[in-house]
Amino acid sequence: MRATIFQVDAFADRPFEGNPAAVVPLESWPDDALMQAVAAENNLAETAFFVPEGEGFRLRWFTPAIEVPLCGHATLASAHVLFAHLGHKAPQVQFETLSGRLTVKREGDLLAMDFPAAEAKPFPEPEGLAAAIGAKPVLTLKTSHILALFGSVGAVAALDPDMAALKRLLVSLGGPGLICMAEGEAGSGFDFVSRFFAPAHGIDEDPVTGSAHCSSVPYWARKLGKKDLVARQISRRGGTLWCTDAGARVILRGRCADYLKGEIVV
């Protein structure tokens, strides 16, 4: 396998912030085991692979441990590579994925992703959750992920999970990620903040998680009574998303910064 590889910081205004993703454009699919090995070698939250298909591309995402059905930041990074480096001239790009067709459009200096929304349902607080993350949430809900609501930005920022305990708990629940969130502080410019933990998928804390906002944006749109929201993921690297609740869909916008370009030669 010889292929060009890009590393892109997604939801970032400059390198070394946002969420790094590797992007590997291909003409045809190698063995799944080889793609998984490349993702493990990269040791990033996600490595994205795409090949031409129809009028767009087939896109797949791998963590260091597994293939996943949806990843926001690596989709944003893949669109950035197409627009910025591979000469894609159309105003949008379509990806066929395990989560259906995903469209990414240029909107000025932002890239806007059209993703499926996920409605969060009330969910009893899992036994052991507060002990695993070191704080008791005000409310818990569930989509494909667990959502834990806290009373302040400071409470979310202060979380220091016992990752081994959290992994055991999430594995016992079928392997969801955990979205910890709170309403933004007055004057901050952010409607809500979050952190995302997915140790069951080989990711202790993800820096900025587009797919998690498919769950959190509809919740906050209803709670705050507004469709357009600015979200900040307050991981150590941090990143900002400009979001719109569009009913059955969620529009997630962000920027990308290039880090490296190289070649896979295995």
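This is a predicted model: local features need pLDDT of at least 70, side-chain atom pairs count only at pLDDT 80 or more; totals for chains, interfaces and linings use all residues.

Student: Which residues of helix α5 are buried?

Tutor: Helices (H or I, at least four residues) and strands (E, at least two) are DSSP runs, numbered from the N terminus, and α5 covers residues 163-172. Buried means under 20% relative accessible area, exposed over 50%, and partly exposed in between (1.4 Å probe, protein chains only). In α5 the buried residues are M163, A165, L166, L169 and L170.

Student: Why are they on the same side of α5?

Tutor: An α-helix has 3.6 residues a turn, so residues three or four places apart point the same way. The arc is taken from the directions from the helix axis to the C-beta atoms. The buried residues of α5, M163, A165, L166, L169 and L170, are on the same side because they cover an arc of only 160° around the axis.

Student: What do the buried residues of α5 pack against, and which residues are exposed on the other side?

Tutor: Contact here means heavy atoms within 4.5 Å. The buried residues of α5 pack against α3 (129-133), β12 (178-183), β13 (192-198) and β14 (203-206). On the other side of α5, the exposed residues are R168 and S172.

Student: What is found at the start of α5, and which residue follows the helix?

Tutor: At the start of α5, a side-chain oxygen of D162 reaches to within 3.2 Å of the backbone nitrogen of A164. After α5 comes a residue with a positive phi, near 100°, and that residue is G174.

Student: Which residues of α1 are buried, and what do they pack against?

Tutor: In α1, M35, Q36, V38 and A39 are buried. They cover an arc of only 160° around the axis, which puts them on the same side of α1. On the other side, A33 and E41 are exposed. The buried residues of α1 pack against β3 (46-53), β4 (56-62), β5 (67-68) and β18 (256-264).

Student: Which side chain makes a polar contact with the side chain of D32?

Tutor: D32 is in helix α1 (residues 32-42) and, at 41% relative accessibility, counts as partly exposed. Leaving aside neighbours within four places in sequence, D32 is in contact with R60 and F62. A polar contact is a pair of N or O atoms within 3.5 Å; within protein, one must be able to donate a hydrogen and the other to accept it, and residues adjacent in sequence count only if both atoms are side-chain atoms. The side chain that makes a polar contact with D32, at 3.1 Å, is that of R60.

Student: Is R253 buried or exposed, and which side chain makes a polar contact with it?

Tutor: R253 lies in strand β17 (residues 249-254). At 16% relative accessibility, R253 counts as buried. Its side chain makes a polar contact, at 3.0 Å, with the side chain of T244.

Student: Which residues are linked with R255 in a network of salt bridges?

Tutor: A salt bridge is a side-chain nitrogen of Lys or Arg within 4 Å of a carboxyl oxygen of Asp or Glu. R255 and D13 meet in one (2.9 Å, N to O); R255 lies in the loop between β17 and β18 and D13 in the loop between β1 and β2, so the pair ties together parts that are 242 residues apart in sequence. D109 and R255 meet in another (2.8 Å, N to O). The residues linked with R255 in the network are D13 and D109.

Student: How far apart are the closest N and O atoms of R249 and D114?

Tutor: R249 lies in strand β17 and D114 in strand β8, so the pair ties together parts that are 135 residues apart in sequence. R249 forms a salt bridge with D114, and the closest N and O atoms are apart by 2.6 Å.

Conventions: Residues are numbered from 1 along each chain as its sequence is written. Side-chain values use heavy atoms; hydrogens and water are left out.
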